[in-house]
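Please have the sequence and the 3D view open as you read.

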Amino acid sequence: LKTFAQALGLDPVKHFLKPLLQKALELVGFEHDTIDKVRDAHASDEQVERLKSTFEDIMERRYPVYDDLDAIADAFGLDLMADLLKPLAIRAFQSLGALTREQIEKIEQAPMPNDEQIATFKEAVSNITRKGYPGFSEAEAVARSFGLDPLRDLLKPIVVAAFRQLNIPQPVVQMIEDAEPDFEEIDAFKAALDRVIS
């Protein structure tokens with residue numbers, strides 16, 4: 001891209017790299033305010049060099065993984081958690097009909113996952129961007145990272161929203177909303193949830 005841009009008298013970062021990164025973030029589901037931060041940020045030549053392999057990886061996979069988001073945040077001076085990871089988690093669960101305003105605020109105020117959570121969290125973020133939605137394991141990892149109860153705060157609302165979209169009668173949906181999850185049946189619930197939201 002650099003050679004091509006120079007041949008046309010264009011800036012490779014401004015006219016190629018940033019617009020393509022913005023498009024990749026948009027496809028994954030980031031809001032415009034995050035995308036605008038990438039557009040408006042300045043990256044040094046050294047940072048751009050480091051981004052080359054990240055950019056190539058994103059284009060090859062067609063979605064960013066955790067390490068790509070980390071590199072983008074570093075290059076453009078973004079806050080990895082506040083600008084990229086939290087909005088990604090919120091958008092993923094909102095698209096499935098989960099999350100109340102209270103839960104969104106809890107995610108927004110949560111600290112960075114601790115060292116024990118971070119490996120699982122990285123994998124969850126990468127899986128969400130790859131699939132376009134969170135399965136049970138991703139929902140569980142993200143929920144625990146942000147201090148939410150995976151079953152009550154995320155998974156049950158996802159099932160309720162899916163049943164509403166399937167036009168399941170309201171009394172049945174209400175029974176599910178009012179029920180307490182049976183932890184002894186959790187494996188069956190995991191499999192059913194992944195089928196419902198995929």
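This is a predicted model: local features need pLDDT of at least 70, side-chain atom pairs count only at pLDDT 80 or more; totals for chains, interfaces and linings use all residues.

Residues are numbered from 1 along each chain as its sequence is written, and side-chain values use heavy atoms, with hydrogens and water left out.

**The whole chain**

The protein chain has 12 helices and 0 strands. Helices (H or I, at least four residues) and strands (E, at least two) are DSSP runs, numbered from the N terminus. Of its 198 residues, 44% count as buried, meaning under 20% relative accessible area with a 1.4 Å probe, protein chains only. The chain exposes about 11000 Å², and carbon and sulfur atoms supply 50% of that area; such areas come from the Shrake-Rupley method with a 1.4 Å probe. Among contacts between residues at least 6 apart in sequence, 60% join residues at least 24 apart. Contact here means heavy atoms within 4.5 Å.

**Two helix pairs**

Axes are lines fitted to C-alpha atoms, for helices over the stretch in contact, and angles run from 0 to 180 degrees between N-to-C directions.

| Helix pair | Crossing angle | Axes |
|---|---|---|
| α5 (residues 66–76) and α6 (residues 80–94) | about 145° | 9 Å apart |
| α9 (residues 136–145) and α10 (residues 150–165) | roughly 140° | within 10 Å |

α9 passes α10 in a right-handed crossing, where the near helix is turned clockwise from the far one by less than a right angle. On the α9 side, Phe136, Ala139, Glu140, Ala143 and Arg144 make the contact, meeting Pro150, Leu151, Leu154 and Leu155 of α10. By class, that is 7 nonpolar, no polar and 2 charged residues. Ala, Val, Leu, Ile, Met, Phe, Trp, Tyr, Cys and Pro count as nonpolar, Asp, Glu, Lys and Arg as charged, and the others, Gly among them, as polar.

The crossing of α5 and α6 is right-handed. Tyr66, Leu69, Asp70 and Ala73 of α5 touch Leu80, Leu84, Leu85 and Leu88 of α6. These residues divide into 7 nonpolar, no polar and 1 charged.

**A closer look at serine 145**

Serine 145 sits in helix α9. Is serine 145 buried or exposed? Serine 145 is buried, because its relative accessible area is 8%. Leaving aside neighbours within four places in sequence, serine 145 is in contact with Pro111, Pro113, Gln117 and Phe121.

Notes:
Buried means under 20% relative accessible area, exposed over 50%, partly exposed in between (1.4 Å probe, protein chains only).
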